[in-house]
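Please keep the structure at hand while reading.

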Amino acid sequence: MTHPVLPERARVVIIGGGIIGCSVAYHLAHMGWKDVVLLERDRLTSGTTWHAAGLIVTFGSTSETSTEMRKYSRDLYARLEAETGLSTGFSPVGFIEVAADRDRLEEYRRVAAFNRHCGVDVHEISPSQVRELFPLAKTDDLLAGFYVKEDGKGNPVDITMALAKGARMQGATILEGVTVTGVRKKRGVVTGVSTVYGDIEAEYVVNCAGMWARQLGAQAGVNVPLQAAEHYYLITDRIPELSKSFPVLEDPGSYGYFREEVGGLMVGLFEPICAPWKVEGIPGDFSFGEITPDWDRMGPYVEKAMSRIPCSLEVGVKKFFCGPESFTPDLAPCVGEAPELKNYFVAAGLNSIGIITGGGLGRVIAHWIESGRPDVDVTGMNIDRLHPYQSNPEYRRTRTVESLGMVYQCHYPTRSMTTARGAKRSAVHDRLAAQGAYFRDVSGWEGADWYAGEGQEPKVESLSWGKQSWFPNWAAEHRATREGVILMDMSFMAKFLVQGRDAGRLLNHISANQVDGPAGLITYTQWLNEGGKLEADLTVTKLDDERFWVVASDTAHRHVETWMRRRIGDAHAFVTDVTSGYAQINVQGPRSRELMQSITTSDLSNEAFPFRAAREIDIGFARVLCVRITYLGELGYELYIPSEQAPHVYDRIVEAGKRVGLVHAGLKALASLRMEKGYRDYGHDIDNTDSVLEAGLGFALDLDKPGGFLGKEAVLAKKAAGPLTRRLAQVLVKDPEPLLFHAEIVKRNGKALGYIRAASYGFTLGGAVGLAMIDAGEPIDQKYLDAGSWEVDIAGKSYPAVASLRPLYDAASEKVRA
C-alpha cells in the first residue's frame, strides 16, 4: 500500500472526516480558500457520522443561531446533488413532534412561536391529524402535534460524501488513512500538524475529531470537555403498513423518535439516565464500531418508546444498535477558537444534532476563520465558556449520565443540572446553606438561587412553566432590596488583577470607555472588536497607576481573560486570574450605607464615598476592597474579600444586619432587580452580533479619549449612518399573571419585530419584564415605541405590553446615587 503524499504546507488543516469536518472543508473551499487539507485517520464517516439517524429537523430550538444553522443545513442538503451529482438521500417527508402532557404542550407552543418567527413553517395539529399523517401511532393520549412539512430525513454518509466531493471540486484536498499525532505550535499560536507520514505547516488547524476531539485537543493543551455515551436505536422487521412517505415522528415524553427504515421502523432513544462510554479514552482504531447493547438497562425505555407505535411490539427486531455519541457538560456544542491556542479552532460535541446542524456549523466556522470573527451569536456555544476541570474523568463520567437524557427532558427554564455538583463553592457556602439557600449550578459554582423561609425546605417541589412554590420567597427578597438591605453572594464572578506600567494603556485601548482616569474609580465599559460589535460587558476599577481590577460575568470568564492576554503584545502588563482568591459579597438596598457604616471606620457618606468610588476599607480584622456600584438598581456596595477572611466579614455583616432587617437574597432576585432597571447581561440579552449603539450602551463610550479604542472607527461609522433601526428595548407585560423567560415574540401593531432575549418578573413594575432587540426597518426612538401598540406572544397567546428605551424603574438613577 502506497503512503499518501502530504503537502508541505496548507492554509488550513482540518482534522476529522465526519460531517462537520467535510462541511468546514466545503465552505472554506467555496469561500475561495483552495489551500485546505482535511485529514481523516481511517475513512470518511467512520467515527459517529455513519450510524447517525439522519433526522433533518428544523423545529425544536429557542436559539436563533441553532435554528438558522438547521434551516441552512436542510436547504444545503436539498441542493447538494445538483452541485455534486451525489445524492444526499434527503427526503422531505415531514416531521411531527407530539405532546402528551400540559408542560410539553406549553414548551412546544413557545418553541413553535419562536421557530415561526425564524422562518420555520410549523403548524400545531390535533391528535387526529397526527393519526392521519402517521396512522400507526397511538394518539388517544396526545394533546397536540407540531408539524413541519418541509423537514424529513437524509442519509448521513451520503450527505458527508457529497460535501467532500463539493470541497474537492473547489480545490480542497481530502486524505484518508492519515492519523494526526500532534499539533505544532510556537508562542501560543498554531503552526501545523504532525502525522504518521510527516508534518504539514499550517496557519489554522480545525479540530473536527468528534468523540476523539477531547483527546486530540489535550495533545495541544486545548480543553474540549466532551464525553462519548451509549446511544441506541432499534430497527424492527418489515411492517407492511409502514410507508416510506410517513413523516418522522418524535415523542420525547416516551424517550423515542420514529421513522421508516428499509421497510421496518427505526426507534431511536434518548433515555433519561444514560451510560458514558470509554471515559478513559476512545481507542484510536475504533472505526465503524458498535457497542454491545445493554438489554437489561434499556428494556424499559425501549418498551415505553415502542408503545407509541403499538404494532412495533408485534413484530421482530432486526437490529438493536448501540454506538457512541459525544455529549458536552451543558448540551451546547464546543465551537470556536481555543482560548489556549491562537488559530486552533474546534467544532465538536454536537450532542446528537450534528447532521441537522452540520451544514450550517461548517459555514459558521469557515466564515469565522476567513473574517476573523463570527457573524452569528456564538456566546452560548463558544468553547471558551468551558473550564479545564470539566475534562476530568470523574466530572465527565458523572455529568454525562444526565447530559444525553436532557435532549428529551421538558426544557423548564428554571431547571438546573443535578449531576457533578459541588465542584466550586464560595468561601461562605456553608453559611448560606445554613440560611436556607437553594443552590443551582452557576458555571460550576454553587449559586444561591433563593432562600427558604422559616420551616421551609430549600427544595423545588416540581418544575413548571408557571409560578412555583418559591415564588413568594423570591418576591420577598426582591422587595427587601428595593425597601431595606440585602446580602448577596456573587463570588462566582470572574475577577482579574491587571498589573504593570502599561496596564492602563492596554485596558484603555480595549475598553470603549475611559478606564485610565483617576485612581479609586470603577468604570462600566464594553470591549468591542474591530467591527464595533460587543465582545465583553464589564467593569474596570483603577486601584493605582499600575494596578487594575477587572470583573466580568461567570460565563465570560475565559473569553475576557483571552481577550486581554492576546492584546498585550510587548506591553509591560500582566493578567492574573484572582477569581478563587476573593469572595464577592454584595450589600445592597436603601439601608446598605447604614449597615456598612456600622462595621467600618471608613467614612461612607455620599460626599466622602460617592457613586463609583472604590477603595480599601476595614471590616473587623479584614481589609476589603469596597466598590460603590450596583447591578440591582439601588444604593449598594460590592465587597471583594480575601477568601480566607470572607467568613469573618460575612459574620460581621450578618450580626450588624440584625439591627436593620438584613435579608439574604439569591440569584432569582438578582435577575428580577437588574431586569427592572434594564441592566444588560452579555451572552443573555446582548451578544457578539450587536453594536454597542444598538445595545443602548452609547453612554458608556468615550469617543474623545486620546488614542481612541479598539472598534472606534466602526462605532463612528455606525453613528454617521443615521438613526438606528435596530435597538434593544425593555418590554413589560401589563397582565401580572404570565411569565417571560426567553424567545417570546414581540409585536408592534400586530407585526413581529423581535423576541425576548432574557427576562424575569418585575415585582416592583407589576409584571413580567424582558429585553428584546427590536428590528423595525425604520428609525427607532421613544416616540416610535409610544406610537405603537405592543404585544408579546407567550405560548401562542398575545398579551398587551409596554416598550421603552429608558429603564422603567428609576430612569434617572437617583436611587443609585443617593
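Across the whole structure, the search finds 1 cavity of 30 Å³ or more, a cavity being a set of points on a 1 Å grid over the protein atoms alone where a 1.4 Å probe fits but cannot get out. The model is predicted, with local features needing pLDDT of at least 70 and side-chain atom pairs counting only at pLDDT 80 or more, whereas totals for chains, interfaces and linings use all residues. Residues are numbered from 1 along each chain as its sequence is written, and side-chain values use heavy atoms, with hydrogens and water left out.

**Largest cavity**
- The largest cavity holds about 40 Å³ of space, a volume being the space filled by probe spheres set on grid points that are joined across faces, edges and corners.
- Its lining (residues with an atom within 4 Å of a point) includes Pro225, Phe327, Tyr395 and Arg399.
- Helix α9 (residues 393-406) supplies the largest share of this lining, 5 residues, where helices are DSSP runs of H or I with at least four residues and strands are runs of E with at least two, numbered from the N terminus.

**Second largest pocket**
- About 420 Å³ of space lies in the second largest pocket, a pocket being an open set with protein on both sides within 12 Å along at least five of seven lines.
- Of its 19 lining residues, Gly154, Asn155, Arg259, Glu260 and Glu261 lie nearest the centre.
- The elements giving two or more residues to this lining are α5 (156-169), β12 (227-236) and β14 (256-261), and β14 gives the most, with 3 residues.
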